[in-house]
Amino acid sequence: MEQEPQNKKHKKKVSLLVYITSLIIMLIVGVVGTLSFSRLMDINQENTAQESAQNTDANSTSQSTELKQIDELYSILRTNYFEEVDSEVLIEGALEGMAGAIGDPYTAYLDASESTSLQEDTQGEFEGIGAEVMKEGEFVRIVSPITGSPAEKAGLQANDKIIAIDGESVADLSLQEAVALIRGPKNSEVELSLQRSEDEFSVKIIRDAIPVESVVYELDKSDPSIGYIQITNFNRPTYEELVTAIEELDSKGAEKYVFDVRGNPGGLLDIALQMSNIFVEDGKPLMQSEIRGEDPIIYTADSEQYGSFKFDQKAVLLIDEGSASASEILAGAMSESADIPLIGQTTFGKGTIQNVVPLTGNGEVKYTTGKWLTAKGTWINEKGITPDVEIAMPEYQSLLLINSEKTYKSDDSSDEVKNLNAVLNALGYEVDKTSSLFNEQTVEAVKSFQQENEIDVDGVVTGATSNTLVEALRTLIEKNDTQYNEAIKYLQSK
């Protein structure tokens, strides 16, 4: 979860020593500057600035020695390395290494292209596959695919681990380097090698423009007195989109609501506060934050500060393991300060706040400024928020995609065939879902499926048969959303 990035500064040419010195100073002073820039962090600016200046003076001697070492190493490599070295490469490496040395997956140096990508993300506009990711050891872990994105349509799920991108291992890549490989222009293709539990598989995804709209809504098809609102991200327009959704569903007769942040990876802190404020009575807590060297801050609902629109109808909120960051702030506020029940599964558990500060040149540093706690003061980092009503999605939701470029036929035996049998079983065909053998049962089930879907009947799974099986499974999952059905049942009982 990030505060809104600041504007970039114009490019200047400076020596490495001055450059690195300015970086260190900005990291110290930047916390003050950025927090005072945002209305979210109401801190005494003068006192904080004085404290930062004192800390800078106290550490100046040791910093000077350390920075001389950096300057010396830079000079040695530029002058004595057996081949000519690009100075920008050395500086970028130093900055990336400094941020990476902390060991925090949410702290990183961003070059010009990565800074642009972050700006696009917070505005809800970018091209790629549409998935929130984080670096985890030798893998890139998917926090959540964005609803309606190519990643979701390809069957990617929260906690899938990316092993390679277009054949290149991610083990030695930074998160930013991996994201740069995953992203690309609309209609271009990227191949991801993934691991889900113990299974490994590959999937080719056609990149697209990721939908800007972050709120999707409709009346429930079976009970039009219930409105359904899915929130897919927390970007600049999301607050207004949510207000519009509630007002339009109200006008159509909605009396009760299902709000849904399943698979929502989060977004901007101020938007999370605005949206939480919709559901919480003025004066009650929305969340808390703890910044190094500062007393805890409690954010309370305030119509004047966060918006006057209020919601006071019966509602539930759907959450799952892909609900992260700002989604968890909203879930905590709705549960602890508005008594709105949570239904689904325990959330992701991201309890830290990130900020973005521009550096001299075109780069930025994104770093963790502190941690946030729920309205009642619970730090949910790496624990998540537990729902009031815990219910899982059907087991077949976790089945792997069927590779349409491969051929599966009689007497084949593999884990992929086991997955195929499980898909056929979920679709209602009499096959052993635990069998790894493409046996006679499988052949007959495939022939029946092909006949019912007007595909050439040959009992072989490839191409059109594979794709149609995947679509049939996706439709089945949508029709049997156990968490949504539980939410409807709950509201109808009230």
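User: How many salt bridges does the count come to?

Analyst: The count comes to 15 salt bridges. A salt bridge here is a side-chain nitrogen of Lys or Arg within 4 Å of a carboxyl oxygen of Asp or Glu. The model is predicted: local features need pLDDT of at least 70, side-chain atom pairs count only at pLDDT 80 or more, and totals for chains, interfaces and linings use all residues. Residues are numbered from 1 along each chain as its sequence is written, and side-chain values use heavy atoms, with hydrogens and water left out.

User: What makes Asp208 and Lys186 a salt bridge?

Analyst: Their side chains meet at 3.9 Å, N to O. The cut-off is within 4 Å, so the pair qualifies. The two residues are 22 residues apart and link distant parts of the chain. Asp208 sits in strand E9 (residues 208–209). Lys186 sits in the loop between helix H6 (175–182) and strand E7 (189–196). Helices (H or I, at least four residues) and strands (E, at least two) are DSSP runs, numbered from the N terminus.

User: Why is Asp208 called partly exposed?

Analyst: Buried means under 20% relative accessible area, exposed means over 50%, and partly exposed lies in between (1.4 Å probe, protein chains only). Asp208 has 28% relative accessibility, so it counts as partly exposed. Lys186, at 43%, is partly exposed too.

User: Why does Glu281 count as exposed?

Analyst: Its relative accessibility is 53%, so Glu281 falls in the exposed class. Glu281 forms a salt bridge with Lys284, the closest N and O atoms being 4.0 Å apart. Lys284 has a relative accessible area of 35%, so Lys284 is partly exposed.

User: How do you know that Lys310 and Asp282 form a salt bridge?

Analyst: The N to O value is 3.0 Å.

User: What joins Glu136, Arg141 and Lys161 into one network?

Analyst: Salt bridges that share partners join these three residues.

User: Why is Ser325 called buried?

Analyst: Its relative accessibility is 1%, so Ser325 counts as buried. Ser325 lies in the loop between strand E15 (314–319) and helix H10 (326–338). Its phi is positive, about 60°, although Ser325 is not a glycine.

User: Is Asp411 buried or exposed?

Analyst: Asp411 has a relative accessible area of 63%, so it is exposed. Its phi is positive as well, about 80°, although Asp411 is not a glycine.
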